[in-house]
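Visitor: I'd like to learn how to read a structure like this one. Could you walk me through it?

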Amino acid sequence: MDHWNELRMFLAVAKGGTVRAAADALQLNHATVLRGIARLEQRLKTKLFDKLPSGYRLTSAGTDIVDLAAQMSEASTKIEGRIFARDQSVSGPLRLTLPISFATDLLMETLTDFRSSYPDIALEIIGTGTVANLSNREADVALRVVLGDGSPPDNLYGSRLCAFSTAYYARRLDRTKGIAPPLAWLLGPGEDVPSDWAPRDSFRSAEVPVRFSEMRSRLYAARAGMGMTSLPCFVGDADPLLSRVPGSPVKHTGDVWLLTHVDTRQTLRVRLLCERIRHTMRTVAAKVEGRMDAGMNDQL
């Protein structure tokens, strides 16, 4: 069947349960996914989904073919990967996925220089906190933080670049204004108020925390003086409006890995990008690990 795109749309809807989720996963618009499903149903002359108020549910026909469709999609992805691996040109698509803060705060100059050096490489930068599936060619190169003592999947090729550390930060106090009011804990999803340490220097914390869905909002709330929050050290230490909360420990949260798929790692443009990223990350490793300069003031 010569309609791989429609099969991928079918699998994305089956996995996500809604057309919206499938569109987001495939980076397509809602109408494109709907048309793709309609074309596939027309070709197969059967209905693949029942439309429910909560989303899309596979029909019995859809259930019968979903595993086969997944196998066909996997085979197609492997073929694309093998062909991509043989490509030793400095032109064509190249997808990099990494956390947004790494792109904006650490690597943007490096990526700009790479783009200037190789203008025929169609670089796509996917700034996200979610993990891209390199095996399915969602990205060609991934810069990831592997939390705790974990390690990347065995089917990926990569190297550990440095440790990843966090600390608690708040807006620098203006001591000429007297005693500062209590500051709220600014927490992320599922995060608890720390119980293994307490702020020093008569620093006061409010009893009721404030929660945010993502890190960048917590950063700006801390800069505005709303409270104190956990941030990557390379983000918090570089902000002139912030300082580490007195007594805040530097926590080794995980490790930074640069990863590619074993089938595509020898592609020239993959190797060129990885070399640039490795070089830059070596120069900024102390920032990422939270190793402050001796003369840097870490007091509020």
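Visitor: How many helices and strands does the protein have?

Guide: The protein has eight helices and eleven strands. Helices (H or I, at least four residues) and strands (E, at least two) are DSSP runs, numbered from the N terminus. Before we go on: this is a predicted model, where local features need pLDDT of at least 70 and side-chain atom pairs count only at pLDDT 80 or more, while totals for chains, interfaces and linings use all residues. Residues are numbered from 1 along each chain as its sequence is written, and side-chain values use heavy atoms, with hydrogens and water left out.

Visitor: What share of the residues is buried?

Guide: Buried means under 20% relative accessible area, exposed over 50%, and partly exposed in between (1.4 Å probe, protein chains only). Here, buried residues make up 41% of the 300 residues.

Visitor: How do I read a pair of packed helices?

Guide: Two packed helices are described by the angle between their axes and the distance between the axes. Take helix α5 (residues 100–117) and helix α8 (residues 268–288): their axes come within 10 Å and cross at roughly 145°. Axes are lines fitted to C-alpha atoms, for helices over the stretch in contact, and angles run from 0 to 180 degrees between N-to-C directions.

Visitor: Which residues make the contact?

Guide: Contact means heavy atoms within 4.5 Å. On the α5 side, F102, L106, L107, T110, L111, D113, F114 and S117 take part; α8 brings R269, L272, L273, R276, I277, T280, M281, V284 and V288.

Visitor: Which residues of α5 are buried?

Guide: They are S101, F102, A103, L106, L107, T110, L111 and F114.

Visitor: Now a loop. Is T59 buried or exposed?

Guide: T59 is buried, with a relative accessible area of 10%. You'll find T59 in the loop between β2 (55–58) and α4 (60–85). Leaving aside neighbours within four places in sequence, T59 is in contact with K47, L48, F49 and D50.

Visitor: And where is G148?

Guide: G148 is in the loop between β5 (141–147) and β6 (156–171). G148 is partly exposed, at a relative accessible area of 32%. Not counting residues up to four places away in sequence, G148 touches T253, G254 and D255.
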